[in-house]
Amino acid sequence: MTYSPLPRSVGQAHQARHLLAVPGDVTVDEVEVLATSRFTATRWDVTPAGILPGDVTSAPQGPRAKGNAPGVLRVSRHATLTGPYAPQGDGFDLGLPPGSAMVFDVVCHRERGEPPFSVGDRDGIGRAFAEGLPEREEGRLVTWLVAVARRLGGALRVDVGGLWTTASDRPGPRPGTGVVLTPDADIAVDMSVYSSVWLEPEAALATVRPVHSRTRLATEGKEWGGPPDGIADRPLYPGEKMDAQRRKELHAAADEVDIAALQGPQILHGYGLLIELGVDGIIAVEVAGEEHLPPVLRGLPWTADGAVRYRVHWEPPDQVEANREQPGMEHRIARKRAAELVARIAGRLQDAVGGEIADEDEFLVDPADL
């Protein structure tokens, strides 16, 4: 399909404008699905030709655009994505990287906070918003746009205030920075399996160990011999004036509570598995109940009371390198090996407990794509 070029728009001083560009193998409904995965109020104010009429899996649909005219996808009260457009401007250059095939024009309230700290900017957001990071609604939207570009192999041109024009074709009031971000798809390594099934620690160990022979339970404790002798006779702090007998009574009462807890039934609320990878870092499988679920999973029959989360997390050997926008080759090689192992573990867990797999941006992952 041939799309029209992106027009210059009439904007207002309180608004910000960003461009989302995706490659040719991406369809409009993929962008929509990722929007509904993050923003529960997503709906089409104007439905483009790329969305099938009455598609029950899509967001609510408004009137249909004519021909190849763009649609308007509303993700919140003040934020919209208009498109798709061709990757070119109507008489001006969009400044997007090669390979861009489809562009969405993103408009929201401009909400900026403090300048970024100088550490940890793996997505380049701090570089793009050096004078003040986006926050509140714009912050949530920019974070989502970065995640979408990472998932779909696309790019962003953020804060493109220079493309605004007034009705008389004079430059708008906010020039913007227009920084281009091309998020690295390989940065997002972690995955989570959400399920209604709880695996006991030994069962989880038996499930994961065939993937890596060095998998071990991380629940082994150490013997504790109790408090040091004579602690009930010592002041709680220098200068403490408590009656000695009263102090002993309080320590005795505390001991009774501890003993009762140790002798009672042991309730396991969570546990972990560890895989030590040497120079590649550590992979941890963290298992616990979870009430904060990805939006796309909320309201399902099996998530009404929360779910069990099996989080497969990679801890890299060098955190500073891991948070660089362009890490070195050694880190990238370790990350690739760890990502392959994380995906295999997540797939095996999902085979065992069912449910859904989500990446670290809370987008669902088809097990067949692992």
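Residues are termed buried when their relative accessible area is under 20%, exposed when it is over 50%, and partly exposed in between (1.4 Å probe, protein chains only). By this scale E138 is buried, with a relative accessible area of 0%.

The model is predicted, and local features need pLDDT of at least 70, side-chain atom pairs count only at pLDDT 80 or more, and totals for chains, interfaces and linings use all residues. Residues are numbered from 1 along each chain as its sequence is written, and side-chain values use heavy atoms, with hydrogens and water left out. Helices (H or I, at least four residues) and strands (E, at least two) are DSSP runs, numbered from the N terminus.

Strands are taken to pair if DSSP finds at least two bridges between them.

Strand β4 (71-76) pairs on one side with β3, antiparallel, over three bridges. Here R43 is opposite R74 of β4. Strand β4 is also joined to β5 by five bridges, again in the antiparallel sense. A hairpin of two residues connects β4 to β5. Within this pairing, G71 has G83 of β5 as its bridge partner, and V72 stands opposite T82 of β5. Five of the six residues of β4 are buried, so the strand is largely enclosed by the rest of the structure. G83 is also part of a cis peptide bond, which it forms with P84; omega is about 5 degrees. P84 belongs to strand β5.

Helix α1 spans residues 28-38, and its buried residues are V28, V31, E32, L34, A35 and S37. In an α-helix there are 3.6 residues a turn, so residues three or four places apart point the same way. The cover over the buried residues of α1 includes β2 (15-22), β3 (43-46), β4, β5 (79-85), β6 (102-109) and α3 (136-152). Contact here means heavy atoms within 4.5 Å. Axes are lines fitted to C-alpha atoms, for helices over the stretch in contact, and angles run from 0 to 180 degrees between N-to-C directions.

Another open sheet of seven strands has the order β11-β12-β13-β14-β10-β15-β16, and its pairing is antiparallel. Its edge strands are β11 (216-217) and β16 (364-365); each has a single partner strand, so one side of each lacks a neighbour in the sheet. Nine bridges join β13 (residues 282-290) to β14 (residues 307-315) in the antiparallel sense. In this pairing G289 faces V308 of β14. Helix α4 (residues 201-208) lies across β11 and β12 (270-276), at about 30 degrees to β12. Helix α7 (residues 329-353) lies across β10 (191-195), β12, β13, β14 and β15 (356-359). The angle between α7 and β14 is about 160 degrees.

Side chains of opposite charge can pair when their charged atoms come close. A salt bridge is counted when a side-chain nitrogen of Lys or Arg is within 4 Å of a carboxyl oxygen of Asp or Glu. The count comes to 22 salt bridges. E138 pairs with R112, with the closest N and O atoms 2.8 Å apart. E138 lies in helix α3 and R112 in the loop between β6 and α2 (125-128), so the pair ties together parts 26 residues apart in sequence. R112 is partly exposed, at 21% relative accessibility. A network of salt bridges links R110, R112, E138 and D159.

D159 is found in the loop between β7 and β8 (164-165). Its phi is positive, about 55 degrees, although D159 is not a glycine. D159 is buried, with a relative accessible area of 5%.

A salt bridge also forms between D361 and R150 (3.1 Å, N to O). This pair links distant parts of the chain: D361 is in the loop between β15 and β16 and R150 in helix α3, 211 residues apart. Both D361 and R150 are buried. The loop between β15 and β16 also holds E362. Phi of E362 is near 70 degrees, a positive value in a residue other than glycine.
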